[in-house]
Amino acid sequence: EPIRWLLGDARALQLTSTYDYLWLRLLDVAAALSARSYAVPGRVVLDVHDASAGGYATGRFALDADADGAACAPTTDAADLVVSQRALAACYLGGTRLRDATLLGVDEITPGALDRADLMFSTPLAPLNQTGF
């Protein structure tokens, strides 16, 4: 909660409840990953597993990002990371690192790929939604 940084004593903030205002579910991984920007240029091949009904996000995708934008497309290249759709959706907006979503299903195949992906997906500000809809 950003308000804690405005308080003289951040421990004075007492959280009395928490709500989920936004849930994210990736259906078209290639379109979603192509549509956002990335903090640093890089390439990572994601083997995405989707255990939800329909398994719409399942597939292997190559994500290439640079200063001009990003492109993501299905590939047969070897995977750098095996991720669940849930873990990928959790880090999509930039507020959660893939490393922190390992309980949702993240497995590093290529050494250093997890650090590279975390840096690519990072954002200068964490996403914040204070409006229920």
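## Strands, an aromatic pair and a pocket

Six bridges connect strand E2 to strand E3, and the two strands run antiparallel. The model is a predicted one. E2 and E3 make a hairpin, with two residues between them. Within this pairing, Asp 64 stands opposite Ala 71 in E3.

E2 (residues 59–66) is also joined to E1 (residues 42–49), here by seven bridges, and this pairing is antiparallel as well. Leu 46 has Phe 61 in E2 opposite. The two pairings are set out below.

| Strand pair | Bridges | Direction | Opposite residues |
|---|---|---|---|
| E1 and E2 | seven bridges | antiparallel | Leu 46 and Phe 61 |
| E2 and E3 | six bridges | antiparallel | Asp 64 and Ala 71 |

Strand E3 covers residues 69–74, and Gly 69 belongs to it. Is Gly 69 buried, partly exposed or exposed? Gly 69 counts as partly exposed because its relative accessibility is 33%, a value that falls between the 20% limit for buried and the 50% limit for exposed. From Gly 69 to Ser 17 the C-alpha to C-alpha distance is 38 Å, with a separation of 52 residues in sequence.

**Aromatic contacts**

The count of aromatic pairs comes to one. Tyr 38 and Phe 121 form that pair, in an edge-to-face arrangement with 5.3 Å centre to centre and 90° between the planes. The pair links distant parts of the chain, since its members are 83 residues apart: Tyr 38 lies in the loop between helix H1 (29–35) and E1, while Phe 121 is in helix H3 (residues 113–121). Both Tyr 38 and Phe 121 are buried.

Tyr 38 has a further contact: Arg 36 lies over the face of its ring, at 4.5 Å from the ring centre. Which other ring does the charged end of Arg 36 sit over? That ring belongs to Tyr 92, and the distance to its centre is 6.0 Å.

**The largest pocket**

The volume of the largest pocket is about 1200 Å³. Its lining consists of 28 residues, of which Tyr 19, Asp 20, Tyr 21, Leu 22 and Pro 127 are the closest to the pocket centre. How does the lining of the largest pocket divide by class? It has 15 nonpolar, eight polar and five charged residues. Under the classes used, Tyr, Leu and Pro count as nonpolar and Asp as charged.

Terms used. Residues are numbered from 1 along each chain as its sequence is written. This is a predicted model: local features need pLDDT of at least 70, side-chain atom pairs count only at pLDDT 80 or more; totals for chains, interfaces and linings use all residues. Side-chain values use heavy atoms; hydrogens and water are left out. On a 1 Å grid over the protein atoms alone, a cavity is a set of points where a 1.4 Å probe fits but cannot get out, and a pocket is an open set with protein on both sides within 12 Å along at least five of seven lines; lining residues have an atom within 4 Å of a point. Grid points are joined across faces, edges and corners, and a volume is the space filled by probe spheres set on the points. Helices (H or I, at least four residues) and strands (E, at least two) are DSSP runs, numbered from the N terminus. Buried means under 20% relative accessible area, exposed over 50%, partly exposed in between (1.4 Å probe, protein chains only). Two strands pair if DSSP finds at least two bridges between them. Rings of Phe, Tyr and Trp (its six-membered ring) pair if their centres lie within 6.5 Å; planes under 30 degrees apart count as stacked, over 60 as edge-to-face and the rest as tilted. A charge sits over a ring if NZ of Lys or CZ of Arg is within 6 Å of the ring centre and within 35 degrees of the ring normal.
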